[in-house]
2 protein chains.
Amino acid sequence: MNKKVAIGVDIGGTNTAIGVVDPEGNVMVKDNIPTPSHGNIEKYIADLAGAINEVIKSVSLLNKDIEILGIGIGAPNGNYYSGTIEYAPNLSFKGVVRLIDLLRGHFPKMEALALTNDANAAAIGEMIYGGAKGMRNFVMFTLGTGVGSGIIVNGDLVYGHDGFAGECGHTTLVPGGRRCGCGALGHLEAYCSAPGMKRTAFELMAFYHAADSLLADKSYNELDSKMIYEAAVQGDKIALEVFEKTGAWLGQGLADTVHHLSPEAIFLFGGPTAAGDFIFKPTKEHMEKHLLPIFKDKIKILPSKLKSGDAAIVGASALVWKELEK
Amino acid sequence: MNKKVAIGVDIGGTNTAIGVVDPEGNVMVKDNIPTPSHGNIEKYIADLAGAINEVIKSVSLLNKDIEILGIGIGAPNGNYYSGTIEYAPNLSFKGVVRLIDLLRGHFPKMEALALTNDANAAAIGEMIYGGAKGMRNFVMFTLGTGVGSGIIVNGDLVYGHDGFAGECGHTTLVPGGRRCGCGALGHLEAYCSAPGMKRTAFELMAFYHAADSLLADKSYNELDSKMIYEAAVQGDKIALEVFEKTGAWLGQGLADTVHHLSPEAIFLFGGPTAAGDFIFKPTKEHMEKHLLPIFKDKIKILPSKLKSGDAAIVGASALVWKELEK
């Protein structure tokens, strides 16, 4: 019997990763090509198609009965409805890129070709391969350089009217607060992303004049969220307060999401979640504080079960299985 | 040919309104009974069933070919999935009331019997009879004593995991801000409901020591949002600033909702919306300020087209048509 597999493609700012993923969410073969910092889109799509054909060839050598069901792509500002990438701030492609149309030219017979943004892909990945199997209503938050999210209602991803639903990282936590990467003030992403945690550490060091903190010898460009975690493990007060405050902010934001959607669970994914209880405990505690009585002690906050290294490829490939359900 | 109609029931804190609604959303016959402030639930359900049978009798006298398709009920904390009213703070019924089960005993052959909360019912009403006909993704905000909301995704109401989705009135606008009726701090409802506007007026009079305001002779218990509107029309600075601030808060909250759901439009319903541009203009302006570029100038903020007097009955009746779609 044929072994059915899906291709996952993760388009990042500098690198595009391509993998073949089996139905259990294991990456069988992977490769990557640069995402161009300039140059024309047709050339990039031709390179991408070439790399996809290479991984297909490699996996076919491993198992000659392999059947490729489709290609799922995660990209910043990827629009599921139109198959386009629209005005993505971190990519060099300008305006609206007709990604699926262009790729279809290279794979005219491929059953499923689908695009969405990386956080939406991660949510579908969690549902198909991860900790959300069997859940019909949940939300995924990805904490990294930014904060992305993907919303599942009744077993389907919420794309909204124009394909861009699930931007919970850009809800306002603090009116008139920190400048977000998008230009607006006080958004969740400016507080709960990895750089947001660094900003909190710098604010706290400034507030306490904390010369004795383990973080006090790091420059703004040196400090990262992993160092904050390591300092917290050693009991550094600034680092511990960074986690407490990040959890308080994230908990406030998650409560807003619960009041919109009444999910069964919220999954957290990304670097900062490796800190475990340091981040999960205050997040849960502060979320509960903001919730209506009908929601209290009902909503689980869970770590994603997607393996961090391959999560973007695996999430993107999950789009294929979701497409074929239809 | 039979004329198909639906019954709408609106259970409020002191009054239960019952109406027969035609497919265009017109109330043909209506009546009401007291919602008991104490006493047993079986007695109330028997009274309600009696009143429903009375309106059915009345409408059958008007048109003998009438066919009753079902009964839709809107009630605070009404749970669509279980047909129960759960711990509603403004109703005298304690704990969990099995409303649909009990009513089914009186109407064993009725095709559709369905319950949800009043704001969800209003959202379905807007879709079936009102300004959201043909829209597949929109959100309804009801501004009154509280702030309710109903979310439509892909043409269906979002109930979430346990039936209580769409409580956007309880998202946090101002961390550590005003005490909300639910006990938490800084929720949207504490700012953008009709009493929220009064609270803003009192804060502003205190801040400016505004003895010359048209509102300065009203006690806290006298002042209402209609008086604030009338003072704004006369150019009263405090009243004008109340609308400006209410719009700023509501705009912030609507932007959070847009970032979750990417709706085509947000509908506003309720007393404060009668102020027209006084409230719609600052709301729109401030919502735009908080939005990601991909959402800017795309999301309509529209007044509900449900007639205010009958909206609760009409909204509840819309549940019946929605049930029969299935």
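Two strands count as paired if DSSP finds at least two bridges between them. The legends below describe a predicted model.

**View 1. Strands 1 and 2 of chain A form an antiparallel pair.**
Strand 1 (residues 3-11) and strand 2 of chain A are joined by 6 bridges. Across this pair, Ile11(A) stands opposite Thr16(A) of strand 2.

Asn15(A) faces Pro34(A) of strand 3, the two standing opposite each other. The hairpin of these two strands has 5 residues between them, and in it Gly25(A) adopts a positive phi near 90°. Strand 2 (residues 15-21) of chain A is mostly covered, with 6 of its 7 residues buried.

**View 2. Phe141(A) in the largest nonpolar core.**
This core has 168 residues. The members that touch the most other members are Ala123(A), Phe141(A), Ile151(A), Phe269(A), Phe141(B) and Phe269(B). Neighbours within four places in sequence aside, the contacts of Phe141(A) are Val147(A), Ser149(A), Cys168(A), Ile266(A), Leu268(A) and Phe269(A).

**View 3. The side of chain B that touches chain A.**
In chain B, 38 residues are in contact with 38 residues of chain A. Strand 10 (147-153), helix 7 (237-261) and helix 8 (277-290) of chain B each supply at least two residues of this side. Helix 7 of chain B gives the largest share, 7 residues. By class, this side of chain B comprises 18 nonpolar, 13 polar and 7 charged residues.

**View 4. Chains A and B superposed.**
Chain B is brought onto chain A by a rotation of 180° with 0.0 Å of shift along its axis, at an RMSD of 0.0 Å. That is the relation of a two-fold axis. Of the interface residues of chain B, 100% are also interface residues in chain A, so the copies meet through the same surface.

**View 5. Confidence of the prediction.**
For chain A the mean pLDDT is 95, and 100% of its residues reach 70 or more. The complex receives an ipTM of 0.94 and a pTM of 0.95 from the predictor.

Definitions and conventions: Residues numbered from 1 in each chain as written. Chains lettered and ligands numbered in written order. Predicted model: local features only at pLDDT ≥ 70, side-chain atom pairs only at ≥ 80, totals over all residues. Contact = placed C-beta atoms within 7 Å. Helix = DSSP H or I, 4+ residues; strand = E, 2+ residues; numbered from the N terminus. Nonpolar A, V, L, I, M, F, W, Y, C, P; charged D, E, K, R; others polar. Least-squares fit on C-alpha atoms with pLDDT ≥ 70 in both. pLDDT = per-residue confidence, 0-100. Core = buried A, V, L, I, M, F, W, Y, C linked by C-beta atoms within 7 Å. Buried ≥ 20, exposed ≤ 12 C-beta atoms within 10 Å, placed from the backbone.
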